[in-house]
Every structure is written in structure tokens, then in C-alpha cells.
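Trainee: I have a model open on my screen and would like to learn how to read it. Could you take me through some features, one at a time?

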Amino acid sequence: MLRYNFIYELRLLLRSRWIQLLSLLLLVLFGFSTFNGEQKVQKRRSDIAAAKQEVQESDQAMIKLLDSVERGMEVSVPYWTIPTSPMAVGNYYPRVAAMEPQPMSFVSTGQADLFTHYMKPTVSGDDFTLNFTEMSSPVQLLFGSFDLAFVIVYLLPLLIIAFTYNVLSSEKEQGSLRLLASQPISIGKWVFQKLILRFFWLSVLATFSLLATIFLVGIGPFQWGAFLSLLALTLSYMLFWFALAFLVNLFVGSSAKNAVSLIGLWVLFVLLTPSVLNQLGSKLYPMPSRTLMINKMRERKAAATERQDEILDNFLRDHPEYAINDSTQTRSFYHRYMASQEVVKEELQPIVNEYEKQLQKQQTWSKQLQWISPAIVVQESLNQLAGTSTDDYENYRGQVMGFAEVWREHFMSFLYNNQNFSQADYPGLPQFHFEQRKDKSVLTVPILLLMTIVMLCCGLLASKSLKTGKVLS
Amino acid sequence: MILKTFFKESKEVWRDGRVRIAFAIVLSLLGIAIWISARQYQNINEQHQMAETTERAIWDNQGEKNPHSAAHYGTYAFKPKYPLSLVDQGVDKYVGTSIFLEAHKRNEAQFSAAADQTGLARFGDLTPDFILLFIVPLLIILLGYNSFTKEREMGTLTLLKSQGISSWKWVMGKWMALFFPIFVLSAILFLIAGFILSNLQDFGVFNWSSLFTMFWIYTGYYIIFINIVLFISTRVKKSGIALVLSLSVWILACLAAPKAASNIAETKYPYPTRQEFAANVLKDKQGGLDGHNPWSKESKLLEQKVLAEHGVDSIHKLPFNFDAYRMQKGEEHEAEIYFKHYNHLKEQFTRQSNVYRGLAVVSPYLPTRFLSMAIAHTDYATHWDFADAAENYRIATQKFLNDNFAENSSYGEWAYRADADFWKELPDFNYDPPELRTILTNNASSLWILGTWMVVSFSILLLTSKTI
Amino acid sequence: MISTNNLTKKFGDFTAVDNLSLSVNEGEILCLLGANGAGKSTTINMLLNFIPPSSGSATINGLDVVKNPIKTKEFITYIPENLMLYPSLTAMENLDYFSGIAGKKLTPTQLSNFLEEAGLQTNAFHKRISTFSKGMRQKVGIALALAKDTKVLLLDEPTSGLDPKAGNEFGELLQNLKNKGVAVLMATHDLFRAKEVATHIGIMKGGQLRQQFVADDISLSQLEKAYLDTMNVTEAMP
């Protein structure tokens with residue numbers, strides 16, 4: 001039966017122009033979304049490059065200034081920005097801490113439109129108030145982006161529904177089912193084969209359109225490994241929807257009823273479940289009010305300012321290593337300020353941690369429950385693949401905070417030793433290197449496939465007890 | 001004829017078990033959505049109130065301090081939540097809720113809810129606007145896709161035609177049968193929303209006319225969908241195909257078009273990155289007067305100008321503290337720079353809005369969404385308005401502080417401390433969102449687009465009804 | 001080849017087929033006559049296991065249809081009242097597909113031979129079914145019976161809607177199949193055609209087989225009278 005189904009399914013699909021229509025649709029959708037994604041990645045790259053370029057230029061200016069000062073020449077900049085002061089370097093000549101896009105970043109915008117991709121932490125800034133959000137129109141954030149992940153997660157299932165909702169019911173409605181049912185075959189198996197064949201052809205089309213668009217749009221560097229993960233994810237998600245269509249075809253009935261049921265399932269899995277889970281998550285692990293955090297922060301800061309001198313003394317007692325080579329014992333605004341910053345930071349750490357902890361909890365919770373809807377699983381996995389998931393930005397945030405600490409530490413010893421910054425110190429400036437996350441999940445595709453296979457088996461088993469009469473009536 | 005068809009169709013629709021189930025599902029979803037939103041709204045409002053009073057207390061109790069220190073210490077403007085955000089959350093999740101008001105710097109609103117949530121948040125929320133904008137049109141499709149195709153399939157079409165009926169009356173009957181339940185459903189929803197809102201404690205500026213306007217806008221949106229769904233049903237032979245076509249329209253209008261629009265808008269009229277923006281502002285600032293830098297060229301120029309104006313030869317002889325005066329002038333100059341840069345942003349936003357308007361040709365969702373957000377005070381324009389009001393307040397606050405500094409101290413007297421009671425004299429920050437009338441005027445183009453959609457789709461439906 | 005034993009089908013209170021026992025042997029054509037709702041189609045549906053019987057049993061080639069739903073269909077070709085095929089496939093392709101999924105791999109020559117034997121004009125072999133009349137589609141159905149080397153042919157109102165010439169051709173095709181040893185069960189309203197093609201004739205009413213004749217023993221007018229008499233007997237209300 002498979003041989004004949006194979007030959008004639010293709011012929012039927014070609015003659016009903018399904019194959020042509022799907023190829024066109026897939027090419028257009030993949031093409032447009034990949035193009036959009038790639039454009040965003042390009043912009044991100046050029047933004048980072050421009051920022052780095054700017055730092056290079058200002059570094060050259062700094063070296064020139066240092067040179068002039070070291071030679072005892074007059075300089076025409078405000079005195080507090082002269083880079084012999086370590087605090088001036090730390091504040092006015094920051095490094096770019098950039099999160100470079102990954103090879104597959106074009107796949108999913110994820111959180112990339114919400115968060116920034118490069119920061120320039122300074123010595124006297126408050127790390128915990130660093131604003132990691134990007135300056136983007138909230139309307140854009142609300143509507144989201146027409147990226148490949150959107151096509152795969154939202155639109156592909158709808159294409160599959162249109163492609164499969166009437167596999168059995170159309171036979172009934174056009175009258176060929178009676179002849180078919182009088183053949184020595186099992187109808188359940190027949191539907192199964194038809195759907196598997198349609199899955200096969202759609203997979204072939206999807207693979208080729210994906211490859212074609214990637215080469216046409218000119219994604220580089222192309223990585224086979226990453227591409228294969230993308231493909232595996234897409235195909236297993238497609239198979240999930242085919243399995244659903246299989247069950248609905250077997251048990252529901254007329255074409256229109258099938259379509260309505262499948263659309264209902266789509267709304268449930270793609271629209272409702274994620275939003276309900278999100279709302280439940282933020283209800284269960286609510287973020288403490290940020291405005292209240294601000295209030296606390298300001299109270300602490302005010303308190304710290306009042307006892308600045310005391311704090312500085314304590315600080316130097318606790319951190320003798322900073323002032324080890326200081327012979328002048330000069331104390332300026334920054335000596336006091338940096339010391340109280342440190343104290344405020346320590347005091348606020350528990351409050352700041354609260355946010356991280358709640359976000360972590362929400363994250364863990366949603367990771368556990370994501371299996372309720374494969375749409376969430378696939379979206380999340382695509383984000384991970386693209387390096388644009390919440391985890392990735394959390395990781396980046398952590399690294400930037402760490403770097404900010406390193407940057408501050410670097411200048412603290414200069415400050416407390418009352419040591420000037422010189423040209424010779426320039427090469428020793430800390431640099432930021434972004435590390436990708438390592439803990440990427442590899443189990444998604446197998447679990448998704450397992451779910452699907454279970455559904456298919458249930459369908460096949462149930463179809464054995466399916467009465468032909470029920471199908472025919 | 002119209003009424004007969006209406007009753008017959010309504011009966012048929014009501015007898016269909018699936019329809020009743022669908023109605024029940026939509027109603028209960030709405031109930032949940034309203035309940036969740038009401039809880040959230042109350043919660044946020046409490047937090048807001050608390051933050052506002054605490055912040056004011058912090059400001060008032062600064063004690064004796066130099067006014068410029070107080071200016072650096074700064075204060076916060078909090079964005080209130082408006083009652084109709086219960087119906088449409090709009091972009092609220094994606095914009096910050098508080099703006100730090102300090103000397104020399106215009107800050108953006110910080111701490112958006114979306115940044116504090118997981119990636120799940122990007123799927124959207126189960127809120128009334130989600131149901132109103134996405135699910136109710138789906139319900140319309142479900143109720144109406146086979147309105148005409150079923151007559152074809154059952155063969156009753158030929159029978160009906162042989163009765164010599166006037167086809168537009170027949171279409172109107174079917175139209176009403178589809179419109180009536182949807183109208184009742186949304187009317188119930190809006191009544192409940194109004195009832196809840198008018199019973200909420202401290203509900204701010206809720207008024208029924210805004211709610212009614214919103215209701216009519218959604219009704220218009222549904223009329224457009226009804227017209228489209230019925231039109232497809234009259235043109236197509238099979239129910240299945242009618243359903244798939246109607247759904248495609250839905251996908252295009254509600255899902256694809258907004259996202260595509262957002263991509264096009266962003267590529268054509270991009271925003272600078274936050275760092276870029278900051279760098280640009282800094283560059284402009286460096287070229288101008290800096291209140292803290294008495295040695296710069298601009299400071300010297302100002303000094304000469306002021307000395308000339310007052311006819312004295314030394315800043316010590318001025319009747320006010322020149323440090324504070326320079327500070328204020330610097331502040332004004334910086335405010336101008338910010339005004340320029342934020343204006344650029346605003347221009348980009350306006351151009352982006354035009355892209356969205358342009359794409360409203362393929363999507364009635366877009367004008368509806370924008371109108372609904374605007375009336376609910378949850379759109380981007382209201383956020384701009386709030387940010388501008390906060391900026392004006394910041395400028396006024398700086399002037400208030402610098403003036404005190406200038407009047408009560410002499411040049412070089414940085415040790416001056418203002419009275420501990422002085423801070424209380426600063427007026428509160430008050431923000432009133434635009435009135436309904438203003439909103440409607442500002443969004444007149446969206447109203448026109450929606451109206452055109454309605455008229456055109458309705459005429460096409462009626463004009464083509466002869467050839468069913 | 002076909003046999004039913006006390007076959008009964010109830011839909012709720014309504015008895016569609018009532019204790020029906022009949023048999024059709026190789027080379028026989030049994031025509032079941034009867035009004036709408038007499039139980040003819042229900043009988044055929046039960047033989048195909050489209051509907052499970054309420055009680056009693058039916059066998060094809062000695063195999064119980066309920067217990068061997070797939071095996072028994074290997075022997076059967078069923079031509080419904082309005083035989084629908086895939087409109088976008090040609091006659092050849094339809095025949096190839098249906099015989100193929102029934103387990104017969106045939107070469108194009110074999111396929112066209114069967115179509116020719118079923119009486120389809122040669123120029124229609126490669127035309128799409130969407131252009132075919134009912135009679136032409138039925139010929140493809142007969143070709144399928146030939147291709148499957150069928151033992152049992154079940155026909156539901158095959159001649160309704162055919163013009164007399166096509167009806168006549170169809171009768172000839174049945175004779176051909178009968179001569180090949182096929183057992184044919186045909187439900188029909190058409191007394192004339194039944195008399196012409198059948199070897200045996202049964203009259204059904206209320207789910208029961210009321211009368212049975214050997215076709216050669218009875219003239220058309222006698223058959224008509226017997227039919228009307230059976231129909232006119234007023235039943236006592238149950």
C-alpha cells in the first residue's frame with residue numbers, strides 16, 4: 001500500500017497544486033523572515049563595531065593626552081577628565097562589553113529587541129542600576145518580530161493544519177471513501193501513511209526552502225551543526241502537528257469540524273498556554289516592586305553619604321591591599337565616594353539578588369511546565385540556538401557585572417595608592433570577553449519526538465478499534 | 001425577509017452545540033482575563049501609591065542641604081496606571097514605570113515589566129484585549145464561515161433562489177444573525193468592565209464615554225470581520241475552503257501584518273541604540289555650556305554677557321550667586337540638547353506610526369489596536385506625553401532649586417545649605433493624560449482607516465450579493 | 001461464496017435487517033429488489049463490515065466478515081450507487097492505485113487490458129476522471145473487479161441514473177463476470193434489469209427476504225406482480 005500511496009500522493013499533491021503552493025509560501029515566509037533576522041544581526045554587528053571603533057578613537061585621544069601631560073604640556077580639557085586620574089580613565093574611557101551575535105542569531109529575535117548588546121560600565125556607576133534594556137519602540141516589542149522562529153512556531157502549524165485537516169474527511173465528502181473502505185486495508189493505517197507522506201514532502205520542501213533562503217540571504221558563517229539542530233527542531237515540531245492532525249482526522253469527522261478542532265488546538269497550544277503560564281509564573285514568583293527597590297537604594301545611599309568619613313576609614317582598614325603603596329595619605333571626593341559605593345553595594349546585594357532569584361524561579365518553573373505546549377519548547381529552543389533567550393541575556397548581564405567589578409578593582413588600587421594613570425598602564429587595562437553559555441539542552445528534540453511517537457501510537461492503536469461505519473456515516 | 005432570515009439563522013446557530021461551547025469558552029476566558037487584569041491593576045496601583053508617597057517623604061526629609069546637591073540627589077516621577085488599562089494593556093508591559101529626575105540629565109523610564117519576566121512573556125498575556133482582538137474574530141469566523149456555503153452544500157440554495165428572494169435582504173438577515181451574538185457578547189464584556197471599574201477604589205480618571213468609544217471601535221472591528229467572513233462564504237463553494245480562507249485573512253491581519261509592520265518600521269526608521277544615544281547626547285553636551293565647568297569658553301562668554309547686562313566688572317558684585325546662575329543656564333542648554341535628541345526619537349516614532357498606518361490597508365487589526373490603546377491611555381503616544389511632562393517637571397524643579405541657590409547665596413558660596421523645610425515647597429508632580437477628544441483628534445487617521453474598512457467591506461458584501 | 005445466517009441489524013427500535021439468511025454461489029447473480037428502507041443497502045454494508053451486525057453472521061468465501069474485516073475484502077469488489085474516484089487522476093491511474101493498495105501489482109499493459117475488457121473506450125484511458133460520466137466510472141469499477149480477480153461483486157443500485165444503452169452494456173459486463181465464476185449481489189429497484197441479468201431474485205421488505213425466485217423460472221410480468229403483491233401487504237402494527 002505504501003508504494004502506491006507514495007506514487008499517487010505525490011501525483012495528487014502536484015495536480016491539486018499543493019506542492020507548488022507550499023513551496024512558494026515556504027520560500028516567501030522563510031525568505032522574508034530570514035532576511036529580517038539577518039538585518040537585525042547585521043545592525044547588531046555594526047552597532048558593536050561602531051562602539052568599538054569609537055573606543056579605539058577615544059583611546060588614541062587618551063594616549064595623546066597622557067603623552068602631553070607626561071611631557072608637562074598644557075591640555076585643553078576639564079581637569080577632572082584628564083586621564084592621569086585613574087577615576088577619569090575609569091569613567092570617561094570605558095571598554096565595550098559586547099555580546100556578539102552567534103551564527104544562528106538570525107533565527108530568532110527572542111529577547112534581542114528588549115535587551116542591549118553592548119555596555120560600557122564605568123567605575124563610579126551603580127552596577128545594579130545598569131540599564132540593560134535597549135532603546136526600542138514598545139510598539140515593536142508588543143507586536144514582536146517577523147522572524148524565522150515566528151514562521152516556525154506560529155505559521156508552520158497553520159500551514160500543516162490547512163494541509164492535513166481533510167485528509168480523510170475530503171475522501172468522505174467527495175465520495176471516494178466507500179470504494180476505499182471496501183479495499184482490504186485498514187483505514188487508520190491508510191490515513192497514517194497519507195499523513196506520513198505529506199509530512200515527508202513538507203519536510204523536503206521545508207529543508208530545501210530553508211537551505212535556499214539561507215544561501216540567498218547570505219548567512220555567514222554557515223554552520224552545518226547548528227543548521228541540523230534547527231532542522232531537527234523544526235521537523236520534530238512539524239511531526240507533532242502532523243500527529244495531532246492524525247488524531248483529529250481519525251476521530252473528529254467532517255472537514256469543517258476537523259479544521260475548527262485543529263485551530264482550537266493551535267489557539268490552545270500557541271496562544272493560550274504560554275500566556276497563562278507566564279501569568280501564573282509571575283503570580284507565583286512575583287517580582288518585588290522595582291520602585292520600592294529604588295526607594296530602599298536611595299535611603300541607603302543617603303545614609304551612607306552621611307557617614308562617608310567613617311565608611312572610608314573602615315573600608316581602608318578592611319582593604320589594606322588597596323593602599324599598600326600610598327605614601328601621601330591624600331583623601332579626595334572619590335576616595336570617600338568609592339568606599340561608600342562599595343558599602344551601599346554590599347548592603348543592597350540581598351535586595352538585588354531577590355530579583356535574580358525570582359527571575360530564576362520563574363525561569364525554572366516555566367522550564368518545567370513548558371512541555372505542556374510544544375510551541376513554548378520550540379520557541380525556547382530556537383532562542384537558545386540563536387543565543388537570544390532569557391538565559392543568554394542573564395548570562396551576559398552576569399558577565400558584564402563581573403567585568404564592571406574587575407574594571408573597578410583595577411582602578412581602586414590606583415585610587416587608594418594615589419597613583420597616576422600613565423601611558424605604560426594602558427596595555428594593562430582589563431578587556432571584556434563574552435563567553436557563550438555552555439549548558440545548552442540537547443534533549444528537546446528527543447523528548448518532542450517521543451511525545452509525538454506516543455501520540456501516533458495511540459492513534460494507530462485506537463484506529464484498530466475504530467469502526468469503519470463510524471468513519472463512513 | 002431580513003427578520004425571518006435572522007431568526008432562522010439565529011436558531012440554527014444556537015442549536016449547534018459547538019457554537020454554544022465556543023461561546024462558553026470565550027466568555028469564561030474573558031472572565032478569567034478580566035479577573036486577572038483587575039487583580040494586577042489593583043496590585044500595581046497600590047505599589048505605585050506606596051512608591052510615590054515614600055519617594056515624596058524621602059525628598060521632603062532631606063534636611064539641610066545645598067540645593068544643587070538635592071538636584072543631583074534627584075527625585076522620581078512615577079507613571080500611574082489608568083483604569084481602562086484593565087481592558088487594554090497596550091504597551092504598558094514594555095515601557096518603564098518610573099523616571100529618575102536629576103540635574104543635568106534626562107533619563108528614560110526604567111524597569112519595564114517585560115524585562116523582569118522570562119521569554120514566555122513575549123507570547124503575550126491572557127488579557128481582555130487579547131480576547132477582544134484575536135479570539136472574538138476567530139469566533140466570528142467559526143460562526144459565519146459556512147453561512148452561505150452550507151446552503152450550497154445542502155442544496156437549499158437552489159430552492160431559496162427559486163423563491164425569488166431579494167438577495168441583499170437575505171444577506172442582511174444572515175449578517176444580523178452573525179452580528180447580534182457578537183454585539184451582545186462584547187456589550188456584556190464592556191458592561192462588566194465598566195461595572196468593575198466604577199467600583200474599584202481610587203480608580204483615577206475613569207469615564208464611561210471612553211469605555212463606550214472603545215466599545216464602538218471594537219464593534220466596528222467586528223463588523224469588518226463579519227463582512228469579510230460573509231463575503232468569503234458567498235464567493236466560495238465549499239465550507240472547508242471558506243473556513244481556510246477566512247482563517248488566512250485572520251492570520252494575515254492579526255498575526256503577520258503587525259509583525260511585518262514592526263520589522264519594516266524598524267528597518268526604515270531605526271532607533272539608535274541606548275549607548276549610541278547617550279554618546280550623541282554627550283558629544284553635543286561637550287560642545288556647549290557645562291554648569292559645572294567655569295573654565296570653558298562658553299562659561300566665559302556667559303560671564304561676560306551677564307557682567308555687561310548688570311553693568312558690573314566682577315561676578316562677586318552680581319546680586320545673585322553666579323555659580324547657581326551658570327548652573328541654571330547649563331541646565332537649560334542641556335535640556336535643549338535632550339529636547340533635540342528626544343525629538344529625533346519622536347520623529348522616528350511618528351514615521352514608524354505612518355508605516356503602521358500604511359499597512360492598515362491589509363489589516364483592520366492595526367487601526368483598532370492603536371485606537372484601543374490610545375483610549376486606554378496605554379499607547380506609546382501617552383507614554384511620550386508622560387515622559388515629556390516628567391521632563392518639564394524636571395526642568396521646573398531644576399529652576400526651582402537653582403533659583404533658591406542663586407538668590408540665597410553669593411558667588412563661590414558652595415557651603416550654602418537650604419532650609420530643611422524648603423523641599424516641601426516643591427510642587428508635586430502631576431500628570432493628566434490627554435482627554436478623550438484630544439486622543440480622537442490625534443488618532444483621526446486611524447478612525448478614518450477603520451471607517452473606510454467598514455464602508456468598503458460592507459459595500460462589497462452587499463454589491464456582490466446579487467451574484468451569489 | 002456469499003452467505004448470511006440470521007443476519008440482523010437494529011438501529012435503536014428500528015430493525016433494518018431482520019434474520020436474513022441468503023447465499024450466493026460462484027457464477028450466480030442475486031438481485032435484491034425492494035423499496036427504499038427495505039434493508040438492501042444495510043445488508044451490503046454489513047457484508048463489507050461497514051456496519052457491525054446486531055446478531056447473526058455473514059461470511060465471504062467462508063470467512064466471517066466481522067472477524068476478518070481485511071482478509072474478506074480481498075475477495076470483494078464493491079461498486080456503490082455513485083462510484084466516486086479521484087477526479088484529478090486518470091482512469092489508468094485510478095485503477096492502478098486502487099488495485100495497488102488492494103495488493104495487486106499490475107503493468108500498464110495489464111491495466112489497459114482490464115479497462116478494455118470493462119468496455120471503456122481506449123481514448124478515455126488517459127483522461128481525468130473529472131470528465132467521466134457515471135457509466136464510465138462504473139466501467140472503471142468493473143475493471144477494478146477484473147484486476148483484483150475478484151470473487152465477490154457487491155453492487156448498490158448500479159443502474160440508477162444510467163441511460164438504457166449504458167444499462168444494457170452494464171448487464172453484459174455482469175454476464176461476463178458471472179461466467180468467470182464471480183458471485184454477484186446486486187441491490188436494485190430496476191425489475192427489468194434484474195430479470196435480465198440475475199440468476200436469482202429476492203424481494204425484501206422490512207428487512208426480511210419475503211420471496212425468492214430462480215430468474216429463469218419466472219417471467220417479467222410474474223415478477224412485477226409478485227413484487228407489487230409483496231409491497232401491498234399491509235403490515236400489522238407492532
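Mentor: Gladly. Let's begin with burial: a residue is buried if 20 or more other C-beta atoms lie within 10 Å of its own. Keep in mind that this is a predicted model.

Trainee: What percentage of the residues of chain A count as buried?

Mentor: In chain A, 46% of the 473 residues count as buried. For chain B, buried residues make up 44% of its 468 residues.

Trainee: Can we try the idea on a single residue? Is A:Tyr396 buried or exposed?

Mentor: A:Tyr396 has 24 other C-beta atoms within 10 Å, and the cut-off is 20 or more, so this residue is buried. You will find A:Tyr396 in helix H15 of chain A, which covers residues 390-416.

Trainee: Which residues does A:Tyr396 touch, not counting those up to four places away in sequence?

Mentor: A:Tyr396 touches A:Met99 and A:Phe434, with residues up to four places away in sequence left out. Look at A:Arg437 as well: A:Tyr396 and A:Arg437 are 41 residues apart in sequence, while their C-alpha atoms are 9.0 Å apart in space.

Trainee: How do I read the overall form of a chain?

Mentor: With 473 residues, a compact globule would have a radius of gyration near 23 Å, but chain A has 30 Å. The C-alpha atoms of chain A fill a box of roughly 105 × 45 × 35 Å along the principal axes. Chain A is built with 17 helices and 2 strands.

Trainee: And what does chain B contain, in helices and strands?

Mentor: Chain B has 16 helices and 3 strands. Its radius of gyration is 29 Å, well over the 23 Å that the globule rule gives for 468 residues, so chain B is more spread out than a compact globule. Its C-alpha atoms fill a box of roughly 105 × 45 × 35 Å, again along the principal axes.

Trainee: Now sheets, please. In what order do the strands of the chain B sheet come?

Mentor: The order is S1-S2-S3 in chain B, an open sheet of 3 strands with antiparallel pairing. Strands S1 (75-78) and S3 (105-106) of chain B stand at the edges with a single partner strand each, so one side of each is left without a neighbour in the sheet. Strand S2 (residues 98-102) of chain B is joined to S3(B) by 2 bridges, and B:Glu102 has B:Lys105 in S3(B) as its bridge partner. Helix H14 (residues 380-408) of chain B lies across S1, S2 and S3 of that chain, at about 20° to S2(B).

Trainee: How should I think about the faces of a strand?

Mentor: In a regular strand the side chains alternate between the two faces of the sheet. Now look at strand S8 (residues 183-188) of chain C: 6 of its 6 residues are buried, so S8(C) is largely enclosed by the rest of the structure. On one side are C:Ala183, C:Leu185 and C:Ala187, on the other C:Val184, C:Met186 and C:Thr188, and both faces are covered.

Trainee: Which strands are joined to S8(C) by bridges?

Mentor: Strand S3 (residues 29-33) of chain C runs parallel to S8(C), with 5 bridges; C:Leu30 has C:Leu185 as its bridge partner there. Strand S7 (residues 152-156) of chain C also runs parallel to S8(C), joined by 5 bridges, and C:Leu155 stands opposite C:Met186.

Trainee: How do I describe two packed helices?

Mentor: Two packed helices are described by the angle between their axes and the distance between the axes. In chain C, H3(C) and helix H4 (residues 108-117) pack at about 110°, with axes 10 Å apart. That makes H3(C) roughly perpendicular to H4(C). Among the residues making the contact are C:Leu95 of H3(C) and C:Phe114 of H4(C). By class, the contact has 6 nonpolar, 1 polar and 1 charged residues.

Trainee: Finally, how many residues does each chain give to the contact between chain C and chain A?

Mentor: Chain C gives 26 residues and chain A gives 23. On the chain C side, H3(C) gives the most, with 5 residues. That side has 17 nonpolar, 5 polar and 4 charged residues.

Terms used: Residues numbered from 1 in each chain as written. Chains lettered and ligands numbered in written order. Predicted model: local features only at pLDDT ≥ 70, side-chain atom pairs only at ≥ 80, totals over all residues. Contact = placed C-beta atoms within 7 Å. Helix = DSSP H or I, 4+ residues; strand = E, 2+ residues; numbered from the N terminus. Nonpolar A, V, L, I, M, F, W, Y, C, P; charged D, E, K, R; others polar. Buried ≥ 20, exposed ≤ 12 C-beta atoms within 10 Å, placed from the backbone. Rg over C-alpha atoms; globule rule 2.2 N^0.38 Å. Pairing = 2+ DSSP bridges. Axes fitted to C-alpha atoms, helices over the stretch in contact; angles between N-to-C directions. Parallel < 35°, antiparallel > 145°, perpendicular 65-115°, else oblique.
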